[in-house]
Amino acid sequence: MIITNGKIITWTKPNELIENKSILVQGNEIKKIDTIENLLRENQGEEILDAKGQYIMPGLICAHTHFYGAYSRGLAIPGDPPSGFPEILSNLWWALDKALDEQSVASSAWVSIIDAIKHGNTSLFDHHASPNAISNSLDVIADVVDQSGIRASLCYEVTDRDGDQKAREGINENIRFITRINNGNNLNGRLAAIFGLHASLTLSDKTLELSQSIAPSGSGFHIHVAEHPVDEYDSIKKSGLRVVDRLLKNKILNERSIVAHAVHVDAKEINILAETKAWVTHQPRSNMNNAVGIGNIESMTRAGVKVCLGNDGFSNTMWDEWKIAYLVHKLVNLDPRKMGGYDVIEMAVYQNSALASQQFSLPIGSIVPGAQADIIFVDYLPFTEINTGNLPWHILFGMHHSMVTMTMVAGKILMKNKELINIDEKKIYSDAYQFHRGVWDRYKNQF
């Protein structure tokens, strides 16, 4: 197709805002950017997609999420409110994931992915856990990814908290799925795999060593790190090392590994993350909700750490994550100069794009010839000048997710004029509602 009559934001470096040009999409790629006259002359009979004056930009990317968290919406934690993060883990997440079965794994993936499509997210990095439905759980999610048209990286969360047998089942699920992807069964680049680990505080040296030793060659690891001080103190008690040092010793950190949160790492750990070229993902909404603090993101970036932006299972409204990141660092540091607009863009756009391009082995996150056609339309009417210099602040203070009208992944339109294509949203939500009763009953029966 030829996408025409829009204002193109390329998210290249340097960024460009292009008017009076059109985009030729063939297959899953952007093939050419040129005038509509030239493209029509060279490609007679191509379908025309009229942007009607809207902004055309790459789809949003979420570097760390949890689809299964969908069933926490509206769920009351029994007893008194948790007084800290360890209680939130034990009383909510570690009981909720045990309540999942195959149906609810698929259903939670569906509602999360629909949420993503409607809000302009085109690439998602999921971190899955379902201790009572481990085997083939990643294939269950992959089937939803396939049917929905989204792009997603999947892994299973290995942990020792449910015993040796389930830890080994989690390891086997990662290996099986990574092997599937390595054998080319990757939905033409819309599906990726990484080895999932929960966090140092629920992993023994034995499990870390086994995971690293039998992971397929070249695998990275997706793991939570130092989200709360308990993770650091647990690691010191177990090994005499802080978390990042312990992961380094066990060869978990490499240029393909994803470290979620890193809120309570120290200067040495930051240097290790930089030296190993591991990715760090920042999730400010989750950090605020769990009252765990906010990582020193600007210091990490200055040290050379590749910092991305995720949502940790919050709604897939990634512009909300951008806005919270922009604001919370100012509040925490009592300094309005902290986390400027360009800093947010570096994480949310450029580093997320680099991570996705690496993990999917495709150019993702910009509008240039050769890149994947992951594109959204945004119906934004600025009443002040908009240019590449002030664009971050137009997004942070002007754009919101209700303005996303079209979402395309790999050249396929998933939503047009705010209507989902070939996805029965009402049925999916109705099914999810029916399944939630069993999930919540199984959750409550653990207390």
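Visitor: How do the residues of the lining of the second largest pocket divide by class?
Guide: This is a predicted model: local features need pLDDT of at least 70, side-chain atom pairs count only at pLDDT 80 or more, and totals for chains, interfaces and linings use all residues. Residues are numbered from 1 along each chain as its sequence is written, and side-chain values use heavy atoms, with hydrogens and water left out. Ala, Val, Leu, Ile, Met, Phe, Trp, Tyr, Cys and Pro count as nonpolar, Asp, Glu, Lys and Arg as charged, and the others, Gly among them, as polar. On that basis the lining divides into 8 nonpolar, 9 polar and 1 charged.

Visitor: What is the volume of the second largest pocket?
Guide: A pocket is an open set of points on a 1 Å grid over the protein atoms alone, with protein on both sides within 12 Å along at least five of seven lines; a cavity is a set where a 1.4 Å probe fits but cannot get out, and lining residues have an atom within 4 Å of a point. Grid points are joined across faces, edges and corners, and a volume is the space filled by probe spheres set on the points. Of the 18 lining residues, I181, N182, A193, R256 and Q359 lie nearest the centre of the second largest pocket. Its volume is about 280 Å³.

Visitor: Which element gives the most to the lining of the largest pocket?
Guide: The largest pocket has a volume of about 990 Å³ and is lined by 46 residues. By class, that lining has 22 nonpolar, 16 polar and 8 charged residues. Helices (H or I, at least four residues) and strands (E, at least two) are DSSP runs, numbered from the N terminus. With 6 residues, the element that gives the most is α2.

Visitor: How many charged residues are in the lining of the largest cavity?
Guide: The largest cavity holds about 90 Å³ of space. W11, W322 and G365 are among the residues that line the largest cavity, and α13 gives the most, with 3 residues. By class there are 7 nonpolar and 3 polar residues, and the number of charged ones is none: no charged residues.

Visitor: How are α4 and α5 oriented to each other?
Guide: Axes are lines fitted to C-alpha atoms, for helices over the stretch in contact, and angles run from 0 to 180 degrees between N-to-C directions. The axes of α4 (residues 137-148) and α5 (residues 164-182) come within 9 Å and cross at roughly 40°. Angles under 35 degrees count as roughly parallel, over 145 as roughly antiparallel, 65 to 115 as roughly perpendicular and the rest as oblique. The two helices are therefore oblique.

Visitor: Which residues of α5 make the contact with α4?
Guide: Contact means heavy atoms within 4.5 Å. The residues of this contact divide into 3 nonpolar, 2 polar and 4 charged. S137, L138, D139 and A142 come from α4, and α5 brings E173, N174, R176, F177 and R180.
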